[in-house]
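Let us walk through this model one region at a time. Keep the sequence and the structure open side by side.

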Amino acid sequence: MEKVVLVTGANSGIGLALCERLLSLDSQVSLCLACRNMQRAEAARSALLASHSDAHINLIRLDVGDISSVLRAAQEVKMRYNRLDYIYLNAGIMPDPQVDIKAFIKGLFSRNVVKMFATAEGLLTQQDHVTKDGLQEVFATNLFGHFLMVRELEPVLCQPGHTAQLIWTSSSNARRSAFDLDDFQHQRGTEPYSSSKYAVDLLSVALNRHHNPQGIYSSVICPGLVMTNLTYGILPSFLWTLIMPIMLLIRIFTNTFTLTPYNGAEALCWLYMQKPESLDPLAKYHSLTSGLGKNYTAPRKMDVDEDLTEALYDRLLKLEIEIRKKNKDTEQHISDQQHRPKEAP
């Protein structure tokens, strides 16, 4: 039986590398690329078909930061598929990153240089925005939109005698110190990316507690330090040119500098080949690359409190009710406006 796999953020970076690797691993896999930009999605599909001409690849438009788009995409998925085996929750944003250049230069020549690149702690902030749905954009895109999509797709995930895997792309930048349950959208902070990724770690644990009995299993991965469009946007291009030799040198002594999207997708591919029941729900699976260029995956315990995971899950459920009602009211208002009789001139 062919496996059906949905990947968000599949048109570039780690998402596209994952799709290429899955097609090489399993010629029978059926891929659904869920992307915001359909022109780029078509280009990604063409590139994949160029090397895998018999591949089954469908496209769905999905902007995980837009509630209406999430609900429409989920409906389309349920119309196309009666079963999903995997959802790779990979799409993410880091808007308007700001780097403390002085701290960055100082860190380059310190003993903490590896940690600095891995976590960006004390180095990186972002300027968040509010979406048309009234949500913080990073929270909506990196976490809540995916959460809502999973909730919508439960009918095709919960199948008798069948297991389904949710696989989240988290980050080494997911830090407990950046997360506040009383401000889980991170409206008041300056590290929304770190907060959202830590919330991903928490949510994955809660999803396992609530959905393992129905056959849904959730895991999180860290791709390591990967050079993608998101990463390149953090610093000016000339700085990346200057520091790349240093990064290549450091890579000899650390395994977290995966650097390429292909290497960063290692843990995502490894999880594809595992029995979900055998995985540790409290572990984050890291893509690692040795100094000699060998890729492998290793689990590391997450810094999560199980009570906190449950508290966040409850708040997300309450927010879901509010957002669904608001979205329904908005759609009703638009419908009323469209069907209102036009006044005579």
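Leaving aside its neighbours within four places in sequence, Glu152 is in contact with Leu71, Ala74, Gln75, Lys78 and Arg324. Contact here means heavy atoms within 4.5 Å. With Arg324, the Glu152 side chain makes a polar contact, side chain to side chain, at 2.7 Å. A polar contact is a pair of N or O atoms within 3.5 Å; within protein, one must be able to donate a hydrogen and the other to accept it, and residues adjacent in sequence count only if both atoms are side-chain atoms. Glu152 is buried, with a relative accessible area of 12%. Buried means under 20% relative accessible area, exposed over 50%, and partly exposed in between (1.4 Å probe, protein chains only).

A word on the basis. This is a predicted model, in which local features need pLDDT of at least 70 and side-chain atom pairs count only at pLDDT 80 or more, while totals for chains, interfaces and linings use all residues. Residues are numbered from 1 along each chain as its sequence is written, and side-chain values use heavy atoms, with hydrogens and water left out.

Glu152 belongs to helix α6, residues 137-152. Helices (H or I, at least four residues) and strands (E, at least two) are DSSP runs, numbered from the N terminus. In α6, 14 of the 16 residues are buried, so the helix is largely enclosed by the rest of the structure. At Phe144, α6 bends by about 40°. That bend is the angle between axes fitted to the seven residues ending there and the seven starting there.

Now turn to the sheet. Eight strands form an open sheet with mixed pairing, in the order β3-β2-β1-β4-β7-β8-β9-β10. β3 (56-61) and β10 (295-301) stand at the edges with a single partner strand each, so one side of each has no neighbour in the sheet. From one strand to the next, the twist averages 25°. Two strands pair if DSSP finds at least two bridges between them. Axes are lines fitted to C-alpha atoms, for helices over the stretch in contact, and angles run from 0 to 180 degrees between N-to-C directions.

Strands β1 (residues 4-8) and β2 (residues 30-35) pair in the parallel sense over five bridges. Val5 stands opposite Leu31 in β2. Two helices lie across this part of the sheet. Helix α2 (residues 38-51) lies across β2 and β3, at about 175° to β3. Helix α3 (residues 67-80) lies across β1 and β3, at about 150° to β3.

How many residues of strand β9 are buried? Seven of the seven, residues 283-289. In a regular strand the side chains alternate between the two faces of the sheet. Ala283, Tyr285, Ser287 and Thr289 point one way from β9, and Lys284, His286 and Leu288 the other way. Strand β8 (residues 216-222) runs parallel to β9, joined by three bridges. Val220 stands opposite Lys284. β10 pairs with β9 in the antiparallel sense over seven bridges, and Thr289 stands opposite Asn295. β9 and β10 form a hairpin with five residues between them, and Gly293 in the turn has a positive phi of about 90°.

Finish at Val205, in helix α8 (residues 192-211). Val205 is buried, with a relative accessible area of 5%. Val205 and Pro281 are 76 residues apart in sequence, yet 5.9 Å apart in space, C-alpha to C-alpha. Beyond four places in sequence, Val205 is in contact with Pro281, Leu282, Met302, Val304 and Thr309.
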